[in-house]
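Please look over the structure below before reading the points that follow.

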Amino acid sequence: MEVDKYHIPPPNELDVAEGLRINSLMAASRNPIPDPDSWIDEEIQRNVLVTSVDYVVDWARSRSLFPLMFGLACCAFEMIGMATSRFDISRFGMDIFRWSPRQADLMIVAGTLTWKMAPAVKLVYEQMAEPKWVIAMGQCCISGGPFRESYSVVPGINRIIPVDVYVPGCPPRPEGLIYGITKLHQKIVKESISKA
Amino acid sequence: MTTALNGEQIARKINKASPGAVVAADKAAVVVTGESLFKVAKFLKNTPALDFNYLADLAAVDYTDYFEVVYHLVSLAHNHSLVLKTRCYDHDKPVVPSLTTLWRSADFMEREAYDLMGIVFDGHPNLKRLLLWEGFVGHPLRRDYL
């Protein structure tokens, strides 16, 4: 058989260039490139996530608030109701009401604050460790409510301590307080340790 | 049920024991003068037929012209009760004799009346403010307090 019968045209320039690129890459790729984390132990490799410190800290703080057991008046019953199985604040990582301000980071001021009680509230607030947040629950606590003109009631707890979230109502329903707590979560998530 | 004694009948008994003590009396209450209050109270407590051994309540009322102090007396033995009142007309310093030596329960109730209404109980062993803090100006339950 004649070889010339199968005429092979001379190679195209583009094809030649492509072939050279492939061959050179092939020659350069004899050994596998090592994984970026191959220097880490295999056990650790599966347990490392990379994120920002702010994100992690805020995530942890907002999902494990420790409220202070602290009721001044009738609003406290709604707060207690919120903690029971019916409304269940365990869903928000707030299982345990702490009796000591040193173990708590959320102060839910539930009820009417009188001037005679005010120094104690201020002391309890100052005993709480940073970071700490305050929810003012109910009209009496927010502004003095119906007792605003009274001789014995503090007209608004923000005269004594700074407040993060105001939950209005007389008293607010447990759902209302839970809404306030989710608002507080949103506020905590925006915080940054570089600003603190 | 505790029987509320008729004030007019008791007033007659009081008048026998200490003449001139009763200012006014009706079915509900007996009003006596401030000077004779302690004597009358002692009589009501120590007379065996009356035997008021329990001071259930003590209240003070501001009638603008005068203050009235109201004592609710109960006898646990006879199961009857009486309302005893006294009036003081001095608006700046109303003084009423203290009954703490007769009924221990008068101690806190007289302190409360002093705290909120400004009535001075003469002879009280520890007459200071009960509910409000030391240094509070005025007596808030008075009509002229604003």
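**Notes on chain A**

1. A:Leu20 is part of helix H1 (residues 13-28) of chain A; helices here are DSSP runs of H or I with at least four residues, and strands are runs of E with at least two, numbered from the N terminus. The model is predicted, so local features need pLDDT of at least 70 and side-chain atom pairs count only at pLDDT 80 or more, while totals for chains, interfaces and linings use all residues. Residues are numbered from 1 along each chain as its sequence is written, and chains are lettered from A and ligands numbered from 1 in the order in which they are written.

2. A:Leu20 is exposed because it has 10 C-beta neighbours inside 10 Å (exposed means 12 or fewer other C-beta atoms within 10 Å, buried 20 or more, partly exposed in between, with C-beta atoms placed from the backbone). Between A:Leu20 and A:Leu72, which are 52 residues apart along the chain, the C-alpha separation is 83 Å.

3. A:Arg86 sits in the loop between helix H4 (75-83) and strand E2 (106-110) of chain A. A:Arg86 has 8 other C-beta atoms within 10 Å and is therefore exposed. A:Pro174 is 88 residues from A:Arg86 in sequence, yet their C-alpha atoms are 9.7 Å apart in space.

4. How do H4(A) and H7(A) lie to each other? They are roughly perpendicular (angles of 65 to 115 degrees). The angle is about 75 degrees and the axes of H4(A) and H7(A) (residues 174-189) are 9 Å apart.

Methods
Axes are lines fitted to C-alpha atoms, for helices over the stretch in contact, and angles run from 0 to 180 degrees between N-to-C directions. Angles under 35 degrees count as roughly parallel, over 145 as roughly antiparallel, 65 to 115 as roughly perpendicular and the rest as oblique.
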